[in-house]
Amino acid sequence: MTHPNQKVVLVGGGFAGIEAAKRLGRCDCVDVTIIDKSNHHVFQPLLYQVAMAGLDPSDIASPIRSMLSPYRNVRTLLAKVTDVDVEQQLVYSDAGKFEFDYLVIACGAVHSYFGNDQWEQHAPGLKSLPQATEIRRRVLFAFEQAERTDDPIEQAHWMTFVVVGGGPTGVELSGAIAEMARYTLKRDFRRIDSSSARVILIQGGDRILEQFPDDLSEYSKRALESIGVEVRLGDLVTDVTDRGVQIGDQFLNARTVIWAAGVEASPLGNSLGVPTDCSGRVLVEGDLSVPGHRNVFVAGDMAAAKDKDGNGLPGLAPVAIQQGRYLGELISREAQCYMIDRPAPERPRFNYLDKGQMATIGRRRAVAQSGRFKLTGRLAWLAWLLIHIAYLNGFRNRMFVFLSWAWSYLTFACGARLIVPKNWRIKKPSQQPQA
């Protein structure tokens, strides 16, 4: 007896969704639909390089449709998913509704402002290409505004940059801003000395890079301070305005604030009607399925998954990649059994192979850890470069990123220092000719 192919819907074109689609694309027993509100997949570990004008957006992004074009059973849709009915096995979107036999939700996460969402307009986070280009615009615009004024106080306000959050993103951003100000922009201005820019990294905890061992965290703090970054520990931001940030009784005047403190999962997880943690991540079973629904899975930053010892898995790209591959293979295996009326084998638990973690601090400075093995300085920086190039999608992106980094290293230059305004219209409505 033959059965129709199993319908698989993947929501999200991040690391987990793409890896699952690639695995499922090799299975003739499934018809796959992958839905994402963007038409591109972004290599998020390098987003800060776009924000700091080191790379172009196209260097770290690839069209989802072209990435999955070799797989004839995979359909790609540009749409926004609005709701999920797990009982009726339906996914609702602005492009219509889709039936599924298996569903994988991997929509990622956004920055959390801890109930103060009004701060976002003054302190953008860094989770997407539009946010990266907006941060780039604000940082470069700040130096341009400082050049325009003769008031030294106003110049100082424009040339003060505050990064909130001492995780990898905050460390990488603050280090990159400091190096851009001291090296890349130093010869470009006439009225201001860009190297006098003040970069402040604010961390609420007692150390930066809290997921790293104490010695690597301390090394990172010293490395940031050596390039002029002020690291403030144990400080909590209580307000953010267009003029700066409030920390207790002190107000820091800064015209550019960047948010890198905390994340929360995509709100789509709430539509599943299952428990979530304090960050909105769905509490999943050992096979990443949703409790009570063995055909619905959550992966990546949306999943509150645990290892075999009960420890929570971090929201890192390697975790999402491995989860996507695991789910692609699991669904393919069960679909093949369904086609030949054979019982599916017992599902293995998802086991994350921890290959370590890395963070770059600046030119020739980075930290890396894999088990008990630790690296700092130039060796860690070279390892960071090679590993990130290797994980990029496509030969073109790898080559362009390598050439961009080589040029920047030799010349201290950034090739993507463009301030692109959001308003694309040249003529205002009143200026348009009458028909």
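Contact is defined as heavy atoms within 4.5 Å. The model is predicted: local features need pLDDT of at least 70 and side-chain atom pairs count only at pLDDT 80 or more, whereas totals for chains, interfaces and linings use all residues. Residues are numbered from 1 along each chain as its sequence is written, and side-chain values use heavy atoms, with hydrogens and water left out.

Ser289 lies in strand β20 (residues 289-290), strands (E, at least two residues) being DSSP runs numbered from the N terminus, as are helices (H or I, at least four). With neighbours within four places in sequence set aside, Ser289 is in contact with Val284, Arg294, Val296, Phe297 and Arg347. Ser289 counts as buried because its relative accessibility is 3% (buried, under 20% relative accessible area; exposed, over 50%; partly exposed, in between; 1.4 Å probe, protein chains only). Its side chain makes a polar contact with the side chain of Asp287 at 2.6 Å (a pair of N or O atoms within 3.5 Å; within protein, one must be able to donate a hydrogen and the other to accept it, and residues adjacent in sequence count only if both atoms are side-chain atoms).

Asn73, in the loop between α4 (64-67) and β5 (74-78), is buried at a relative accessible area of 16%. The side chain of Asn73 reaches the backbone oxygen of Cys27 at 2.9 Å, and a polar atom of that side chain lies 3.1 Å from the backbone oxygen of Val30.

The largest nonpolar core has 125 residues (buried Ala, Val, Leu, Ile, Met, Phe, Trp, Tyr and Cys residues joined through side-chain atoms within 4.5 Å). Its largest share, ten residues, comes from helix α9 (residues 317-339).
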